[in-house]
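Please open the structure in your viewer and keep the selection panel at hand.

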Amino acid sequence: MSAEADVDRCQGFTITARNARGRLVRLGPVLDQVMAAHAYPPVLEKLLAEALVLTALLGATLKDDGGQMTLQAQTQGGAVDLLVCDYRGGELRGYVKHDPDRLAEIPADPSLFALFGNGYLAITFDQSVSGERYQGIVPLEGGSLAEAAERYFDQSEQIPSLVRIATGGGSGAPCVAGGMLIQHLAEGEAGGERLHARDGHRHWEHVEALAGTVSPDELIDPALPFETLIWRLFNEEDEVLLLDGGALAKGCRCNPEHIADVIGRFPAEERADMADADGIVHVDCAFCSRVFPIRLEAVPE
């Protein structure tokens with residue numbers, strides 16, 4: 001991708017007269033960096049790319065810079081056993097655990113049920129300042145993760161929302177994925193009653209109709225600046241304000257010092273059981289697909 005490519009960042013915006021806010025995300029090299037740690041087949045590369053875009057769209061709504069947003073799909077009877085992504089401070093990571101035999105039996109463009117079976121999507125926000133945790137859980141139903149996210153906002157937040165996600169590349173070509181989240185807010189956003197803003201509200205119907213015209217190609221085109229895309233969609237509005245955007249990067253927080261500190265919290269007898277004959281504890285990181293050998297003598301008491 002060229003140096004001018006508009007990738008690996010998010011951009012927020014508001015349509016003030018319509019009580020709507022939105023966010024765009026486009027990932028490029030970040031996806032290649034995440035995928036490079038694994039040898040996923042194309043169908044899982046696409047799934048993880050969609051999940052990372054959704055994670056960035058949701059995580060970027062955090063007002064707490066030290067907060068963390070985690071997206072987790074747990075399943076029963078599907079080809080995917082577990083999907084986990086998280087966002088903190090603009091850094092993304094994610095991985096997929098799957099059953100190769102079941103994956104080989106599903107079509108190239110599988111439904112959510114084929115991938116996850118009777119699964120559910122858990123979206124968790126952890127606030128570092130207050131220490132509060134909020135979690136919403138919805139069934140993994142519908143045609144895509146984007147539809148599952150819309151259901152999450154409708155059921156857990158009672159906020160009418162539109163989510164669009166598109167992917168491209170993969171299988172040797174550079175990966176690219178993009179998405180848009182736009183929501184209707186209660187007037188004044190805080191302290192208002194949101195139920196008035198459900199389907200049928202004229203402002204939301206208008207914004208939803210305009211936002212729904214965005215194409216997959218527009219979402220993943222690295223040569224299309226976000227500002228241009230926002231103008232294309234909403235140039236008839238009296239005022240569209242751009243909010244602070246932010247760069248996105250691959251981030252895995254595992255390191256030998258942190259792992260040694262975690263091991264040190266276990267009783268000495270349990271630490272000894274973890275170690276091999278040479279006194280080394282081998283710790284796997286599913287996110288970056290690395291094994292960290294930690295010597296027991298390096299573990300703080």
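Helices (H or I, at least four residues) and strands (E, at least two) are DSSP runs, and they are numbered from the N terminus. This is a predicted model, in which local features need pLDDT of at least 70 and side-chain atom pairs count only at pLDDT 80 or more, while totals for chains, interfaces and linings use all residues. Residues are numbered from 1 along each chain as its sequence is written, and side-chain values use heavy atoms, with hydrogens and water left out.

**Enclosed spaces**

A cavity is a set of points, on a 1 Å grid over the protein atoms alone, where a 1.4 Å probe fits but cannot get out, and its lining residues have an atom within 4 Å of a point. A volume is the space filled by probe spheres set on the points, which are joined across faces, edges and corners. Searching the whole structure in this way gives two cavities of 30 Å³ or more.

Select Val34, Leu92, Arg93, Gly94, Lys250, Gly251, Cys252 and Phe287, which line the largest cavity, a space of about 40 Å³. Now colour strand S5 (residues 91-98), which gives the most to this lining of the largest cavity, with three residues.

Next, select Arg21, Gly22, Arg23, Thr61, Leu181 and Gln183, the lining of the second largest cavity, where about 30 Å³ of space lies. Strand S2 (20-27) and strand S9 (173-184) each supply at least two residues of this lining of the second largest cavity, and the largest share, three residues, comes from S2.

Which cysteine sulfur is nearest to that of cysteine 10? A disulfide is a pair of cysteine sulfur atoms within 2.5 Å, and a search of the whole structure finds zero of them. Cysteine 10 is in no disulfide, and the nearest cysteine sulfur, that of cysteine 85, is 16 Å away. Buried means under 20% relative accessible area and exposed over 50%, with partly exposed in between (1.4 Å probe, protein chains only). Cysteine 10 is buried, with a relative accessible area of 6%, and cysteine 85 is also buried, with a value of 0%.

**A helix with a buried face**

Finally, select helix H6 (residues 202-211), in which His203, Trp204, Val207, Leu210 and Ala211 are buried. If you look down the axis of H6, these buried residues fall within an arc of 135 degrees, so they line one face of the helix; the arc is that of the directions from the helix axis to the C-beta atoms. Turn to the other side of H6, where Arg202 and Ala209 are exposed.

Terms used
On a 1 Å grid over the protein atoms alone, a cavity is a set of points where a 1.4 Å probe fits but cannot get out, and a pocket is an open set with protein on both sides within 12 Å along at least five of seven lines; lining residues have an atom within 4 Å of a point.
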